[in-house]
Amino acid sequence: MIYPYKDKHPKISDSAFIADFVTITGDVRIGDYSTVWFNTVIRGDVAPTIIGNRVNIQDNSCLHQSPNKTLLIEDDVTIGHGVILHSSVIRKNALIGMGSIILDGAEIGEGAFIGAGSLVPPGKKIPPHTLALGRPAKVVRPLTEEDKKDMGRIRQEYVEKGQYYKSLQ
């Protein structure tokens, strides 16, 4: 379901795939070839949510904001199943692992990988091209070339899956 909130209407690229049972409200922008998977909720009823191109937001995720604090997801980001993002910044090519929580003012660096089930506390900055995990998340090592290759494979597969499912609509 796509809902306006007051005078704000979601703006979704024609090439994006929005699965069944997704709810998107208010000031939300979703870029080209991005995918939003089943049972995800993206509420733009407090501040803007800006989602770049080729972003995949997997099943059962929840995206929201605090007043005057935009949620920004740059291009080519993977958001795993059951992730909560709240008024944070996710830089391009990052991957947020399943079940992770990223809180207000946190910034995930370009190409960083947040391990499954991690908690990134308010204001925490994760450096580019690193693996961070835990509760609270801590950087454990730089990413390997194999890590980066696997992250790229996941991104590409979700673009392709999204276009396949879009062709069925």
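Visitor: What makes strand 7 and strand 10 a pair?

Guide: Two strands pair if DSSP finds at least two bridges between them. Strand 7 (residues 56–57) and strand 10 (residues 78–79) have 2 bridges, so they pair, and they do it in the parallel sense. Inside that pair, Ile57 has Ile79 as its bridge partner. One heads-up: this is a predicted model, where local features need pLDDT of at least 70, side-chain atom pairs count only at pLDDT 80 or more, and totals for chains, interfaces and linings use all residues. Residues are numbered from 1 along each chain as its sequence is written, and side-chain values use heavy atoms, with hydrogens and water left out.

Visitor: Where do the strand numbers come from?

Guide: Strands (E, at least two residues) and helices (H or I, at least four) are DSSP runs, numbered from the N terminus. For instance, helix 1 covers residues 145–167, and Tyr165 is found in it.

Visitor: What is the order of the strands in the open sheet?

Guide: 8 strands line up as 3-5-7-10-13-16-19-20, with mixed pairing. Strand 3 and strand 20 are called edges because each has a single partner strand, leaving one side of each without a neighbour in the sheet.

Visitor: Which way do strand 16 and strand 19 run, parallel or antiparallel?

Guide: Strand 16 (residues 113–114) and strand 19 (residues 130–134) are parallel, joined by 2 bridges. Across that pairing, Ile114 faces Ala132 in strand 19. Strand 19 also meets strand 20 (residues 137–142), antiparallel this time, over 5 bridges. There, Gly134 stands opposite Ala137, and Leu133 stands opposite Lys138. Strands of a sheet pair through backbone hydrogen bonds, either parallel or antiparallel.

Visitor: What joins strand 19 to strand 20?

Guide: A hairpin, passing through 2 residues. Pro136 sits in that loop, and the peptide bond from Arg135 to Pro136 is cis, with omega about 5°. Most residues other than glycine have a negative phi, and most peptide bonds are trans.

Visitor: Which value does phi take in Tyr33?

Guide: Phi of Tyr33 is near 60°, a positive value in a residue other than glycine. Arg54 also has phi near 60°. Tyr33 lies in the loop between strand 4 (23–30) and strand 5 (35–36), while Arg54 belongs to the loop between strand 6 and strand 7.

Visitor: How do you know which residues Tyr33 touches?

Guide: Contact means heavy atoms within 4.5 Å. Leaving out residues up to four places away in sequence, Tyr33 touches Ser15, Ala16, Arg54, Val159 and Gln163. Under that limit on sequence distance, Ser15 touches Asp32, Tyr33, Gln163 and Lys166. The contacts of Thr40 include Phe21, Val22, Ile57 and Ser61.

Visitor: What makes the meeting of Ser15 and Ser13 a polar contact?

Guide: A polar contact is a pair of N or O atoms within 3.5 Å; within protein, one must be able to donate a hydrogen and the other to accept it, and residues adjacent in sequence count only if both atoms are side-chain atoms. The side chains of Ser15 and Ser13 make such a contact at 3.0 Å, so the distance is within the limit. A polar atom of the Thr40 side chain lies 3.4 Å from the backbone nitrogen of Ser61.

Visitor: What makes Tyr164, Tyr165 and Leu168 a nonpolar patch?

Guide: Like charges are joined within 9 Å, and nonpolar side chains (Val, Leu, Ile, Met, Phe, Trp, Tyr) within 5 Å. Together, Tyr164, Tyr165 and Leu168 have about 330 Å² of accessible area. Those areas come from the Shrake-Rupley method with a 1.4 Å probe, and for residues, only the protein chains shown count as cover.

Terms used: Patch = residues over 30% accessible without salt bridge, like charges linked within 9 Å, V, L, I, M, F, W, Y side chains within 5 Å. Salt bridge = Lys/Arg side-chain N within 4 Å of Asp/Glu carboxyl O.
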